[in-house]
Amino acid sequence: MARLTASSATSSTRKGPALVSTLGTVGIPAGAEQGPVPALEVTGLTKTYQVGTIGKPKVVHALTEADLSIGRSEIVGLVGESGSGKSTFARSVAFLERPTAGTIKVDGQTISLKPSAGELRQHRSKVQMIFQDPYTSLDPLHKIRYAVARPLKTFDVAPSDQHPAIVNQILTEVGLTPPEEYLRRYPYQLSGGQRQRVGVARALAARPSLLLADEPTSMLDVSIRLNIMNMLLDLRQSQGLSMLFVTHDLAGASYMSDRIAIMYAGHLIEMGPAQDVMSEPRHPYTQLLRRAAPDPASHFGRETRFESRGDPPDLTALPEGCPFAPRCPQARSECRSAVPAWRNVGPNHKVRCVLY
Amino acid sequence: MAPLLELRDLHVGYGWDAKSTTTIVRGVNLTVDEGEVVGVAGESGCGKTTLANAAAGLLEPPGRITGGSILFQGRDLLNIPAEEMRQLHLAQISMVFQASMNILNPVMRIRSQFWDAMKVHGVSSEDEAMERAREMFDRVKLPRQFLDAYPHQLSGGMRQRAVIALSLVLKPKLVFLDEPTTALDVVVQRSIVQMLNELRQDLGFGVMFITHDLSLLVEIADKIAIMYAGAIVEEAPAQQLYEAPDHPYTKSLMTAFPPLGSARTRMEGLPGTPPDMRSLPAGCAFTPRCPSAIEGVCDRVPPPEMTDGQAHRVVCHLLDQKGASVG
């Protein structure tokens with residue numbers, strides 16, 4: 001199979017000198033998949049919302065039967081456009097939205113879909129979220145010290161006399177040094193990048209095993225995005241954190257992630273090692289995304305026309321079958337009858353498309 | 001031939017009098033030729049939007065032009081009567097703002113908003129106005145029936161197309177695009193950028209494209225100017241700037257976004273933050289963040305402008321020290 005030789009070539013390029021330091025000691029996807037207990041195991045996760053007026057009720061299918069697992073110390077990038085359900089996925093896993101159906105296992109432990117307050121607290125001590133907007137996700141009335149110390153108390157991480165030392169240590173870990181400078185400040189006294197670091201510090205304070213980062217860099221200026229991404233990569237390395245990196249930016253996802261999952265209209269449609277998904281996208285939608293992303297490196301000396309028709313479907317009236325079929329240049333009649341099953345197209349690389 | 005737009009030593013500040021004014025744009029020289037796409041890139045707060053607003057004659061108090069001149073087709077825009085400026089807007093010079101899909105009036109049908117704009121500029125019959133609006137809708141690939149729609153009935157990408165159609169309906173010579181695709185998804189962004197490029201080839205207008213997304217700019221601009229702390233630090237044809245940037249700031253910006261699809265290697269971002277415009281460092285404003293700053297020179301003396309005699313210019317001490325010109 002030509003496919004196998006191609007993928008072995010790309011996997012050898014993964015072992016660049018810098019990668020060894022990033023990935024050397026921690027599980028890479030292949031190992032992580034077969035590892036003992038994944039950090040996160042989600043099956044059939046579904047979220048619907050009731051909308052519309054009386055007499056004309058409608059159901060928004062924000063997320064439809066998503067299966068995704070994240071290995072220990074693995075970073076999975078979840079990529080999709082606005083409204084694709086990627087944030088709903090992260091928020092459902094964090095139980096900020098109550099899932100309609102499905103199972104969520106964290107460290108092998110299933111959480112009930114109607115958890116008690118105690119169960120919920122235990123769940124959140126293991127799963128923490130970093131939000132997109134650092135300008136609104138911190139309480140403006142509280143100092144940084146409060147934001148970071150609060151989870152220590154809520155989740156009973158350590159005796160309270162140790163809290164100041166732990167807060168200092170966490171602030172140092174996220175690069176807010178010296179910590180004493182920041183403890184007494186309010187969010188408005190910090191820049192966007194510094195605020196996002198506080199957001200990460202707050203999440204780390206709960207000592208989670210899984211971080212859900214929902215577009216953590218998209219509100220930040222280009223020049224500081226990379227610094228935040230590097231900090232997250234360092235944290236994975238030093239603390240063995242697992243991470244879901246939700247983004248609409250393919251380049252950012254490929255920089256951060258071991259594996260990439262692509263979402264369209266609430267459906268996961270392709271999943272695989274980041275390099276393989278980037279260099280050989282299989283699903284027609286992934287190929288469309290890949291072509292749409294600015295790519296100066298291969299721009300010069302090449303004149304390409306970008307063809308795209310239609311828009312993502314109305315989530316209250318999803319088309320029968322594959323949600324991408326109405327826009328897909330290669331759609332066949334079978335695409336319009338049922339959502340295609342997962343097919344393997346390479347090592348750990350699978351796609352939900354009848355073309356393979 | 002005179003350039004379409006020429007900015008000469010333009011200074012723009014914010015403040016009510018000379019004493020309290022903070023200068024945001026510091027001595028910008030830039031030209032846009034007919035049919036040319038000139039990109040201006042830089043971090044938030046570098047003055048790129050202020051520059052575009054000033055050049056388009058849209059600066060509102062307390063914004064003030066404190067020095068220099070703006071020549072549009074050879075005429076000094078700073079010294080023409082307000083009414084004449086009003087006539088130039090939309091007809092000759094138009095602007096698409098960031099998130100401008102939200103500038104449409106939500107309680108008016110889109111056709112009325114086209115008619116309103118054209119009435120001001122001497123289109124006398126509504127039939128003619130609608131004929132031109134329909135033609136523009138075809139060009140931006142929006143179905144004509146959406147002229148009768150209210151803005152909320154359109155998606156964000158469609159609204160942005162409608163706004164672009166509105167800004168081009170009087171066939172202006174010069175269009176300012178201030179982050180026109182930043183709020184949009186990547187697929188929509190790509191089709192709008194491609195559409196703008198086709199429109200420019202058909203209609204022949206010049207563009208000043210403002211963005212922080214250098215990777216996008218490299219693909220669409222003929223010429224790129226990099227702005228830092230209110231001044232242009234490097235300017236070159238797009239390909240030359242991408243392949244052989246000379247200013248340390250440009251180099252850092254180039255590595256600030258991860259490339260698509262290449263092997264995963266660790267990249268370092270840009271350390272530090274932009275300077276406070278109220279108290280700029282002496283010498284070169286980039287010195288505190290510059291990895292190759294020369295002590296005693298960069299932090300004391302304003303950097304010289306070096307040029308390769310053609311289109312590439314850099315404002316930096318390093319090239320001066322090497323005794324080499326750019327190129």
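Predicted model: local features only at pLDDT ≥ 70, side-chain atom pairs only at ≥ 80, totals over all residues.
Student: Where should I begin with chain A, and what does its secondary structure come to?

Tutor: Chain A has 13 helices and 12 strands. Of its 356 residues, 47% are buried. Among contacts in chain A with a separation of 6 or more, 68% are between residues 24 or more positions apart.

Student: What is the mean pLDDT of chain A?

Tutor: pLDDT is the predictor's confidence in each residue, from 0 to 100. For chain A the mean is 86, and 88% of the residues reach 70 or more.

Student: Now a helix. Which residues of helix 4 of chain B are buried?

Tutor: Start with the general idea. An α-helix has 3.6 residues a turn, so residues three or four places apart point the same way. In helix 4 of chain B, the buried residues are Ala129(B), Ala133(B), Met136(B) and Phe137(B). They lie on the same side of the helix, because the arc they cover around the axis is only 105°.

Student: What is on the other side of helix 4 of chain B?

Tutor: Asp127(B), Glu128(B), Glu131(B), Glu135(B) and Asp138(B) are there, and they are exposed. The cover over the buried residues includes helix 3 (110–120) and helix 5 (156–168) of chain B.

Student: How many Å should helix 4 of chain B span?

Tutor: Helix 4 of chain B, residues 126–139, has 14 residues, and at 1.5 Å a residue it should span 20 Å. The C-alpha atoms at its ends are 20 Å apart, which agrees. Just after this helix, Lys141(B) takes a positive phi of about 60°.

Student: How do I read a strand? Are the faces of strand 9 of chain B buried or exposed?

Tutor: In a regular strand the side chains alternate between the two faces of the sheet. In strand 9 of chain B, Lys223(B), Ala225(B) and Met227(B) are on one side, Ile224(B), Ile226(B) and Tyr228(B) are on the other, and all are buried. That is six of the six residues of this strand (residues 223–228), so the strand is largely enclosed by the rest of the structure.

Student: In which sense does strand 9 of chain B pair with strand 3 of chain B?

Tutor: Strand 9 pairs with strand 3 (residues 37–41) of chain B in the parallel sense, over four bridges. In one of these, Gly39(B) has Ile224(B) as its bridge partner. With strand 10 (residues 231–237) of chain B, strand 9 pairs in the antiparallel sense over six bridges. Here Tyr228(B) stands opposite Ala231(B). Strands 9 and 10 of chain B form a hairpin with two residues between them, and Ala229(B) in the turn has a positive phi of about 50°.

Student: What is the order of the strands in the open sheet of four strands in chain B?

Tutor: The order is 2-1-4-5, with antiparallel pairing. Strand 2 (22–32) and strand 5 of chain B are the edge strands, each pairing on one side only. Strand 1 (residues 5–14) of chain B is joined to strand 2 by eight bridges. In strand 2, Thr23(B) is the bridge partner of Gly13(B).

Student: Where is Gln73(B)?

Tutor: Gln73(B) is in the loop between strand 4 (63–72) and strand 5 (75–76) of chain B. This residue is partly exposed, with 15 other C-beta atoms within 10 Å. Leaving aside residues up to four places away in sequence, Gln73(B) touches Ala2(B) and Leu4(B).

Student: Last, how many residues of chain A are in contact with chain B?

Tutor: 37 residues of chain A are in contact with 32 residues of chain B. Helix 10 of chain A gives the most to the side of chain A that touches chain B, with six residues. By class, that side has 18 nonpolar, 14 polar and five charged residues.

Student: What do the buried residues of helix 13 of chain A pack against?

Tutor: In helix 13 of chain A the buried residues include Tyr285(A), Leu288(A) and Leu289(A). The buried residues of this helix pack against several elements, among them helix 11 and helix 12 of chain A and helix 6 (186–203) of chain B.

Note on methods: Residues numbered from 1 in each chain as written. Chains lettered and ligands numbered in written order. Expected span 1.5 Å × (residues − 1). Buried ≥ 20, exposed ≤ 12 C-beta atoms within 10 Å, placed from the backbone. Arc of directions from axis to C-beta. Contact = placed C-beta atoms within 7 Å. Pairing = 2+ DSSP bridges. Nonpolar A, V, L, I, M, F, W, Y, C, P; charged D, E, K, R; others polar.
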